[in-house]
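Here is a briefing on one protein model. Please read it alongside the sequence and the coordinates.

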Amino acid sequence: MGFWNRKKSDADAQTTCSEKKQIAKKPEKPIVKPDPACLPVKKVKIPLNKTTSEVKFVQNSIVFPCPICSELNTVDLYELDPILGGETMCMHCQDVLHIPGGYQTRSEVPKLKVYAGLPVAIRKFPLFYWNHPVIHELDEQGITRIIIQYGLWGFCQRCHHQFSPAVLINLPHTSGEIVDYRSLSSEEMMEMKSLRAGSCPFCSHRILLVIISEVPHYVISASENLSHRWEED
Ligand SMILES: [Zn+2]
Ligand SMILES: [Zn+2]
């Protein structure tokens, strides 16, 4: 009995060994490091920012109803950056608003919207961000990095401190996750440490006003032109 067993296991060992050799001969496949952000997560339905496209041009300004309280707000077009647009506060409900720069240059106006901030607990921000349809869309187009320049704004709900998008997008899902601080400035590092603990570094409030907007084409092409300039000799 012992003999047969031994023989069988010897044969097994041989097969395994030759299999191993075969595996070793195969050309090495590139190792794809799983990005924690790309790991399959259970799809979470998230609330989206309230918007308005009822924007009227009146001389050198635009007038629109606040997407939250419906009261009219007026913004001087000269205050807007032609690409980055601008952020302001509703004069009536104090929510933060993003106004696209296309209103100033009159580009893509029919597609543009004024966005109002959405309250999101700091702790829930990564879940909100990684489940956002705009982020998924940018990911599919391979241009997620544009979000550092345009498309994401995060403010403390109480003191209105504006957080760096580079910090927000790098906020880990869990407290144990390792964060690469090397690319962050010292101010961003301070923000990151406080947000990881779930609160604003200036007033300890635990809720953000977040805006994630669609990225207009003029922003994407401006960003492409910028990267081309870097390549020029
Ligand atoms: Zn309002
Ligand atoms: Zn604050």
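Buried means under 20% relative accessible area, exposed means over 50%, and partly exposed is in between, using a 1.4 Å probe and protein chains only. This is a predicted model, in which local features need pLDDT of at least 70, side-chain atom pairs count only at pLDDT 80 or more, and totals for chains, interfaces and linings use all residues. Residues are numbered from 1 along each chain as its sequence is written, chains are lettered from A and ligands numbered from 1 in the order in which they are written, and side-chain values use heavy atoms, with hydrogens and water left out.

**Overall make-up**

- The protein has seven helices and eleven strands. Helices (H or I, at least four residues) and strands (E, at least two) are DSSP runs, numbered from the N terminus.
- Of the 233 residues, 37% are buried.
- Among contacts between residues at least 6 apart in sequence, 58% join residues at least 24 apart. Contact means heavy atoms within 4.5 Å.

**The salt bridge**

- A search of the whole structure finds one salt bridge. The term means a side-chain nitrogen of Lys or Arg within 4 Å of a carboxyl oxygen of Asp or Glu.
- The partners are E214 and K113, with their closest N and O atoms 3.7 Å apart.
- E214 sits in the loop between β11 and α7 (217–231), and K113 in the loop between α2 (102–105) and β7 (114–116), so the pair ties together parts that are 101 residues apart in sequence.
- K113 is partly exposed, at a relative accessible area of 25%. E214 is also partly exposed, at 44%.

- E188 belongs to helix α6 (residues 186–196).
- E188 is buried yet has no salt bridge. The nearest side chain of opposite charge is R145, 9.6 Å away. For charge, Lys and Arg count as positive and Asp and Glu as negative, while His and the chain ends are not counted.
- A polar atom of the E188 side chain lies 2.9 Å from the backbone nitrogen of S185.
- Leaving out residues up to four places away in sequence, E188 touches S164, A166, V167 and S183.

- Strand β3 (residues 61–65) is joined to β4 by five bridges, and the two run antiparallel. Two strands pair if DSSP finds at least two bridges between them.
- Across this pairing, F64 stands opposite N73, and S61 stands opposite D76.
- β3 is mostly covered, with five of its five residues buried. S61, V63 and P65 point one way, and I62 and F64 the other way.
- In β4 (residues 72–76) the side chains alternate.
- K56 has V63 as its bridge partner in β3.
- The hairpin of β2 and β3 has two residues between the strands, and Q59 there takes a positive phi near 50 degrees.

**The four-stranded sheet**

- An open sheet of four strands has the order β8-β11-β9-β10, with antiparallel pairing.
- Its edge strands are β8 (118–121) and β10 (162–163), each pairing on one side only.
- Five bridges join β9 (residues 152–156) to β11 (residues 207–212), and these strands run antiparallel. C156 stands opposite L208 in β11.

**Helix α4**

- The buried residues of α4 (residues 133–141) are V134, I135 and L138. They cover an arc of only 100 degrees around the axis, which puts them on the same side of α4. The arc is that of the directions from the helix axis to the C-beta atoms.
- What covers these buried residues includes α3 (125–130) and β11.

Key
Polar contact = N/O pair within 3.5 Å; in protein donor to acceptor, adjacent residues only side chain to side chain.
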